[in-house]
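Subject: Handover of a structure and the findings on it

Dear colleague,

Please find below the structure that I am handing over to you. My findings follow it, grouped by region.

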Amino acid sequence: MIQVKNNEQLAMMRKAGRITGEAILVGREHIRPGVSTWEIDKAIHDYIVKCGARPSFLGYGGFPGSACISINEEIIHGIPKKDRYLNEGDIVKIDVGACYRGYHGDSANSFGVGKISDSAQALIDATRESFYRGVANACAGKRLGDIGSAICEYAESKGYGVVRQYVGHGVGQELHEDPEVPNYGTAGRGQRLYPGMTIAIEPMINAGTSDVKVLKDNWTVITADRSLSAHYEHTVAITDDGPVLLTEVR
């Protein structure tokens, strides 16, 4: 069932969203060659706790980290490790959730490590743009298919693969709520959007095939052809005045 939030609940989600967005920036500050994904995760964990929140991902389904940190062909759910180091030219994706007084924020971003290739930067830029193409359709009265079709059409027009096995979702008192928010679809179809809905829109875009594979750790999802992947996500509130990005920090 879709949980429509009232003004008081949305205010709490704004606070959770801000902590989440700030935690992403804390992670970004630690990105450089030679840093381990565990170090980034610890900095994110400590910041979330300092803000009086708890990391949404830690222990979720048994996940061992406070953030998902995925490198290069890893799409999502990368497990932070003390012996997993960033290298010059990598793409690193940081996905964070923070729960504040019972409400969750969920956000992800992709960053280059040092100097990256033009093709890697183009993938990051296209993934971010596909998000904004989608969120422009996150308006009361529109449908989920309007979001997904806008994301998919843009990404595929650039020659990229759009991940279909993993999708966005509702966010609120649960980290994952109804409805599912695919990064593909048909305009004018799917669940209608109403004020008070809060959803995570999160395109996962691959430089090559859209096909994926799960590694033996049962968490890390990679591109089937080992091509680069990028990820961009915000928690979005549907309002009468248009979409509001609850996890965006400027």
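A polar contact is here a pair of N or O atoms within 3.5 Å, in which, within protein, one atom must be able to donate a hydrogen and the other to accept it. Please keep in mind throughout that this is a predicted model.

**The surroundings of D106**

The definition is needed for D106, whose side chain is joined to that of H169 by a polar contact of 3.1 Å. D106 is located in strand β5, which covers residues 103-112. Which side chain of opposite charge is nearest to D106? It is that of K5, at a distance of 12 Å. A salt bridge requires a side-chain nitrogen of Lys or Arg within 4 Å of a carboxyl oxygen of Asp or Glu, and D106, although buried, has none. Beyond the neighbours within four places in sequence, the contacts of D106 include T20, F57, D95, V96 and G97. Further along the chain, L175, A200, E233, H234, T235 and T247 are also among the contacts of D106, as is H169.

Strand β7 (residues 168-170) pairs with strand β8 (residues 177-181) in the antiparallel sense, over 3 bridges. The two strands make a hairpin, with 6 residues between them. Within this pairing, G168 is placed opposite V181 of β8.

β7 also pairs with β9, again in the antiparallel sense, over 2 bridges. Here G170 is the residue that stands opposite I199 in β9.

**Salt bridges**

How many salt bridges does a search of the whole structure find? The search finds 9 salt bridges, and three of them are described here.

K5 forms a salt bridge with E177, and their closest N and O atoms are 2.9 Å apart. This pair links distant parts of the chain, as K5 lies in the segment before α1 and E177 in strand β8, 172 residues apart. Both K5 and E177 are buried.

E73 forms a salt bridge with R226, with 3.8 Å between the closest N and O atoms. This pair, too, links distant parts of the chain: E73 belongs to the loop between β2 and β3, R226 to the loop between β12 and β13, and 153 residues separate them. R226 is exposed, its relative accessible area being 51%.

The side chains of E129 and R133 meet in a salt bridge of 2.8 Å, N to O. E129 and R133 are 4 residues apart in helix α3, which means that about one helical turn separates them. E129 is partly exposed, with a relative accessible area of 30%. R133 likewise counts as partly exposed, at 39% relative accessibility.

Three strands form an open sheet in the order β6-β10-β13, with antiparallel pairing. The edge strands are β6 (161-162) and β13 (229-231), each of which pairs on one side only. Strand β10 (residues 204-206) is joined to β13 by 3 bridges in the antiparallel sense, and I205 stands opposite A230 in β13. Helix α3 (residues 118-135) lies across β10 and β13, and runs at about 35° to β13.

**The sheet β3-β12-β11**

A further open sheet of 3 strands has the order β3-β12-β11, and its pairing is antiparallel. Which strands stand at its edges? They are β3 and β11 (212-214); each has a single partner strand, so one side of each is left without a neighbour in the sheet. On average, neighbouring strands of this sheet are turned by 40° against each other, direction ignored. β11 and β12 run antiparallel and are joined by 3 bridges, with V212 opposite T223 in β12.

Yours sincerely

Note on methods: Residues are numbered from 1 along each chain as its sequence is written. This is a predicted model: local features need pLDDT of at least 70, side-chain atom pairs count only at pLDDT 80 or more; totals for chains, interfaces and linings use all residues. Side-chain values use heavy atoms; hydrogens and water are left out. Two strands pair if DSSP finds at least two bridges between them. Contact means heavy atoms within 4.5 Å. Axes are lines fitted to C-alpha atoms, for helices over the stretch in contact, and angles run from 0 to 180 degrees between N-to-C directions. Buried means under 20% relative accessible area, exposed over 50%, partly exposed in between (1.4 Å probe, protein chains only). Lys and Arg count as positive and Asp and Glu as negative; His and the chain ends are not counted.
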